[in-house]
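The sequence and structure are shown first.

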Amino acid sequence: MFFAVTVGDWLGEVENWVFAVLAIAMVYAAIRVVTTKNVVHAALFLVIALGGSAAIFLLLGAEFVAWTVVMVYIGAVIVLFLFGIMITRAPLGYETKLSHPRRVRIGAALASGALFLLIGGAMLDAFGDDPVPAAIDPTRTSDIGQSIFERFVIPFEVVSFVLLAALIGGIVIARQDPTVEEEEVLQ
Amino acid sequence: MIVAAVPFALWLAAKAVVTLGLMLGVVLVVIWAELKWSAHIQSRVGPWYVGGRYGWLHPIAEALKFLQKEDLVPEAADDKVFRLAPYVMLAGTIATFAIIPIGPTVVARDLDIGIFYLLAISSLSTLGVLMAGWSSANKYSLIGGVRAGAQLIAYELPLILALVAVAIQAGTLSLNGIVAAQTETLFTIGGFDVALPFALSGQFIGFVVFIIASLAELNRTPFDLPLAESELTMGYVTEYSGLRFSMFFLGEYAGVVAMAAVISTVYLGGYWMPGISDDALDWLGPFILVGKIFFIVFLYIWFRWTWPRIREDQLQRMAWKWLIPLTLFNIMATATLKVVL
């Protein structure tokens with residue numbers, strides 16, 4: 001039921017070869033993110049994993065989503081990660097403190113394996129045999145805009161409101177009001 | 001099926017080679033222009049005399065100087081990241097050229113979401129700069145990298161917000177569409193149709209803000225704090241030498257050309273020029289675009305050799321307190337006018 005396509009068909013499609021290369025690179029990078037003992041290397045391997053996911057979106061014809069992944073994750077999140085690591089402590093070489101005890105590592109491996117099986121099983125069950133639409137619709141980006149601002153406008157507004165609340169909350173928590181003496185000095 | 005992909009791959013390779021070749025050619029001319037104009041502005045003698053006349057040999061002498069230097073990696077540096085950083089920086093810059101329309105029909109790829117792609121791909125260079133700053137194992141490099149990071153985070157916002165207003169006015173994200181929107185007739189004087197580029201019709205604030213923010217994004221004077229020779233040696237490129245240094249050098253100038261090309265396309269009408277028929281544009285277009293690029297490049301060079309460097313707090317204040325509110329106002333005004341008119 002899951003694998004109706006034969007191996008020969010699978011190898012005949014160029015997209016599958018590209019996908020295979022991307023998938024191997026992503027899996028390797030994802031494993032290295034958790035096994036490397038250097039924080040900066042972990043962040044850089046995360047770039048490869050995220051770049052791979054953007055490339056898979058491109059392969060599916062979802063240009064807008066792909067470049068959003070690049071912009072938000074590689075351009076903003078990873079740059080902030082690296083920036084944060086660099087202004088706090090930027091150790092060259094390897095840190096021993098980063099390793100967890102054996103039982104934690106086994107637990108984490110079991111948990112992530114279970115999650116992988118759950119998501120993989122659910123995806124195959126739902127979309128297992130559905131073909132990816134071959135023709136790429138050039139108006140897809142404007143379709144996304146249309147559906148966000150017409151059909152899903154209320155959820156969109158709610159999400160922006162939640163984000164705004166989180167932003168203000170973050171400022172309130174991080175902000176330190178000057179004490180009375182400091183206030184006098186400032187004036 | 002695999003055979004069917006071969007023409008596509010060949011076509012892709014051809015486009016990449018042509019884009020790269022054009023880019024490198026223009027970049028070499030821009031490096032020469034910087035040497036010449038800096039010599040005129042600051043009375044530097046080298047670029048006047050090298051090679052006998054006009055200093056034509058100077059850029060070649062510079063290139064040879066870089067080629068013969070040893071490719072050093074500091075002992076304490078993080079070897080792999082250190083070696084990879086220049087490539088990441090250069091890749092992010094070169095990828096910009098893929099969507100610049102150099103003529104009505106000549107464009108490597110007319111992306112539906114052109115501007116968005118532009119902003120996404122340029123963040124790769126930031127990554128390269130941070131990698132270089134961290135992996136050099138040098139405090140000057142690290143400070144330079146941190147400064148570059150802070151600066152790029154601050155100035156990416158006005159850059160994006162300025163382009164948002166352009167997208168609203170043009171009604172599209174595609175760069176070809178934006179050029180086309182600038183060729184539409186605004187009004188008629190005595191039977192002569194007048195069409196204005198966005199810099200002159202509604203986006204003047206955006207144009208000025210974009211030029212300022214792009215200077216900061218390129219780490220050029222007066223925003224060259226990440227490199228600041230007088231305090232940080234050379235910032236994040238301190239430890240680089242030989243070929244890898246020249247890759248950073250090339251990346252810097254490729255960035256200048258890319259930014260100038262984006263400004264010319266988005267604000268100055270790109271390959272289009274009033275009074276030239278559509279047939280003539282097919283072969284004149286690229287020359288018009290290069291002319292506009294060199295106008296912007298001239299501004300960049302002029303600023304660099306005549307202005308002092310500003311301070312870190314001034315730089316941050318300018319971005320957050322002036323440029324971002326200005327661009328937000330610009331977006332509001334543009335959106336209102338778009339609805340009213």
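In this predicted model, the axes of helix 3 (residues 39-59) and helix 4 (residues 63-88) of chain A come within 8 Å and cross at roughly 175°. Helices are DSSP runs (H or I, at least four residues) numbered from the N terminus; axes are lines fitted to C-alpha atoms over the stretch in contact, with angles from 0 to 180 degrees between N-to-C directions. Helix 3 of chain A is therefore roughly antiparallel to helix 4 of chain A (an angle over 145 degrees). Residues in this contact include Leu46(A) and Leu50(A) of helix 3 and Val70(A) and Ile74(A) of helix 4; two residues are in contact if their C-beta atoms, placed from the backbone, lie within 7 Å.

Chain A contributes 23 residues and chain B 24 residues to the contact between them. On the side of chain A that touches chain B, helix 4 of chain A supplies the largest share, 13 residues.

| Set | Composition |

Gln42(B) lies in helix 1 (residues 5-42) of chain B. Gln42(B) counts as exposed because it has 9 C-beta neighbours inside 10 Å (exposed: 12 or fewer other C-beta atoms within 10 Å, placed from the backbone).

Residues are numbered from 1 along each chain as its sequence is written, and chains are lettered from A and ligands numbered from 1 in the order in which they are written. As the model is predicted, local features need pLDDT of at least 70 and side-chain atom pairs count only at pLDDT 80 or more, while totals for chains, interfaces and linings use all residues.

Note on methods: Helices (H or I, at least four residues) and strands (E, at least two) are DSSP runs, numbered from the N terminus. A residue is buried if 20 or more other C-beta atoms lie within 10 Å of its own, exposed if 12 or fewer, and partly exposed in between; C-beta atoms are placed from the backbone. Angles under 35 degrees count as roughly parallel, over 145 as roughly antiparallel, 65 to 115 as roughly perpendicular and the rest as oblique.
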